[in-house]
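Please consider the sequence and the three-dimensional structure shown below. The paragraphs that follow lead through selected parts of the structure.

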Amino acid sequence: MSSVFMAEDKVYEGTFRLGEGTASYDAESPVTEHLPWQHITDEDLQKATSLFRGTISQIPPPYSAVRINGRRLYDLAANGEIDRTSIPPRQVTIKEFEVERDPEDQQLVNFRVACSKGTYVRSLAYDFGKALNSTAYVTKIVRSVSGKFKLEDAWSWQSLTDQVQWLVDKETKRRANSSVPSHTPSHNGPRQWNNDNINSNRTGYK
């Protein structure tokens, strides 16, 4: 089942931070790179997106689950056995790539990406930053669409727990109403015998 979901096209939404970079291309590792970003205009942002639409060659992040010679990249990167230049690129498709400067923080860029299976948005952030003569990493990301499933159609945690509790209560009530005490005769079950039945059936016998 998971392989079916993984094969579907996806839509991601989130935020890039310009001028700063991390080893994992996201906020899971500390910032290790600082580059100027103040020169980047809103027009520059829009022009740069066009470089990444369509089928592109993308290098996965060093800290990822991609295998090389049977070993995960994150293991190789953690041991200092690999860097970006030695990771084979992959073909991915970016169907939509929209960006908008955050109104409250000019260093942040909000994005929406519709892409194919195997696309790393973290790599997209890194490459996007480099295309702007700077760098960038993902500070926030959410998968809003996966195939035919949309986040907006998903149940909230509270709605899910309420539904589960309703089903439990319904089943408990059903069982309580359908249970039959052991001393109550049942027309559908085996005939209940008492001593009078037994004695009457033994008439004429010693």
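Which backbone oxygen does the side chain of Arg101 reach at 2.7 Å? It is the backbone oxygen of Gln106. The model under discussion is predicted, with local features requiring a pLDDT of at least 70 and side-chain atom pairs counted only at pLDDT 80 or more, while totals for chains, interfaces and linings use all residues. Residues are numbered from 1 along each chain as its sequence is written, and side-chain values use heavy atoms, with hydrogens and water left out.

Arg101 belongs to strand S7, residues 90–101; helices (H or I, at least four residues) and strands (E, at least two) are DSSP runs numbered from the N terminus. Because its relative accessibility is 11%, Arg101 counts as buried (under 20% relative accessible area, with exposed over 50% and partly exposed in between, using a 1.4 Å probe and protein chains only). Its side chain also makes a polar contact with the side chain of Asp42, at 3.0 Å. A polar contact is a pair of N or O atoms within 3.5 Å; within protein, one must be able to donate a hydrogen and the other to accept it, and residues adjacent in sequence count only if both atoms are side-chain atoms. Not counting residues up to four places away in sequence, Arg101 touches several residues, among them Leu18, Trp37 and Leu45; contact means heavy atoms within 4.5 Å.

Attention now turns to the nonpolar cores, which are sets of buried Ala, Val, Leu, Ile, Met, Phe, Trp, Tyr and Cys residues joined through side-chain atoms within 4.5 Å. The largest has 24 residues, and Phe16, Leu18, Leu45, Phe97, Phe111 and Phe128 have the most contacts inside it. At least two residues of this core come from each of strand S1 (10–18), helix H2 (42–49), S7, strand S8 (108–115), helix H4 (121–131) and strand S9 (136–146). A second, separate core of 8 residues includes Leu76, Ala77, Ile82 and Tyr120.

Ile68 lies in strand S5, residues 67–68, and counts as buried because its relative accessibility is 18%. Leaving aside neighbours within four places in sequence, the contacts of Ile68 include Leu76, Ile82 and Ile87. Ile68 and Ile87 are 19 residues apart in sequence and 8.2 Å apart in space, C-alpha to C-alpha.

Finally, the chain averages a pLDDT of 83, and 78% of the residues score at least 70; pLDDT is the predictor's confidence in each residue, from 0 to 100. Over residues 191–206 the pLDDT is below 50. Where pLDDT is low, the predicted coordinates should not be read in detail.
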